Amino acid sequence: SVVLTAFLIAAGTALRCIPASAGVATILINIGQFLNGASGIVLMAVPPLISSTWFPPNQRTTATAISSIFNYVGTAVGYLIGPLFVSQPHLTPNSTIHQNETIVDDISGEIRRLMYVECGYCTAVFLAIL
C-alpha cells in the first residue's frame with residue numbers, strides 16, 4: 001500500500017506539470033489533486049500501523065502521537081516552501097495584477113517551477129521506495 005500511495009502522489013504531481021491549454025490544464029490539475037487526496041487516506045493510517053509493528057504496547061501511544069504530529073509538520077513545511085519559490089507581486093497602488101501581463105507571466109513561471117520541484121521530489125521518493 002505504501003508503494004501504491006507513493007505512485008499516486010508521484011502521478012498526481014506529474015499530471016499537474018503537463019503543459020496544456022487552460023481547460024485541459026484545469027482537468028489535469030483536478031485529477032492530480034484527487035490522486036494526492038486519495039493517497040492521503042493511506043498516509044494518515046501509517047502512524048498507528050508503524051507503532052503497532054515496532055513498539056511495545058506501553059510505548060505505542062507516544063509513538064503514534066509523535067509520528068502523527070510529523071504528518072502535520074510536513075504539511076506546515078509545505079506552506080513555508082511555497083513562498084520561497086513564488087514571490088509576492090509588486091503592484092503600484094492603482095494597478096491590479098491583470099493590468100500587467102509580465103507580472104502574471106512571472107508568477108506563472110514561478111508556480112510552474114514549484115510544481116516541477118514538487119514532482120521531482122515525489123518521483124524521487126517513489127523511486128527510493130521501489
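Predicted model: local features only at pLDDT ≥ 70, side-chain atom pairs only at ≥ 80, totals over all residues.
A helix here is a DSSP run of H or I with at least four residues, numbered from the N terminus, and its expected span is 1.5 Å times one less than its number of residues. Residues are numbered from 1 along each chain as its sequence is written, and side-chain values use heavy atoms, with hydrogens and water left out.

- Buried (under 20% relative accessible area, with exposed over 50% and partly exposed in between; 1.4 Å probe, protein chains only) applies in helix 4 to Ile103, Ile107, Glu110, Leu114, Met115, Cys119, Cys122 and Phe126.
- Helix 1 and helix 3 are among what covers those buried residues, through contacts (heavy atoms within 4.5 Å).
- Tyrosine 121 sits in helix 4 (residues 101-129) and is exposed, with a relative accessible area of 60%.
- Alanine 10 is 111 residues from tyrosine 121 in sequence, yet their C-alphas are 8.5 Å apart in space.

**The aromatic pair**

- The partners are phenylalanine 7 and phenylalanine 126, tilted at 55° between the planes and 5.8 Å centre to centre.
- Phenylalanine 7 lies in helix 1 and phenylalanine 126 in helix 4, so the pair ties together parts 119 residues apart in sequence.
- Phenylalanine 7 is partly exposed at 42% relative accessible area, whereas phenylalanine 126 counts as buried at 14%.

**The largest pocket**

- A pocket is an open set of points on a 1 Å grid over the protein atoms alone, where a 1.4 Å probe fits, with protein on both sides within 12 Å along at least five of seven lines; lining residues have an atom within 4 Å of a point.
- The largest pocket holds about 1400 Å³ of space, taken as the space filled by probe spheres set on points joined across faces, edges and corners.
- Its lining counts 34 residues, with Ile9, Leu43, Gly74, Tyr121 and Cys122 nearest the centre.
- Helix 3 gives the most to this lining of the largest pocket, eleven residues.

Conventions:
Helix = DSSP H or I, 4+ residues; strand = E, 2+ residues; numbered from the N terminus. Phe/Tyr/Trp six-rings, centres within 6.5 Å; stacked < 30°, edge-to-face > 60°.
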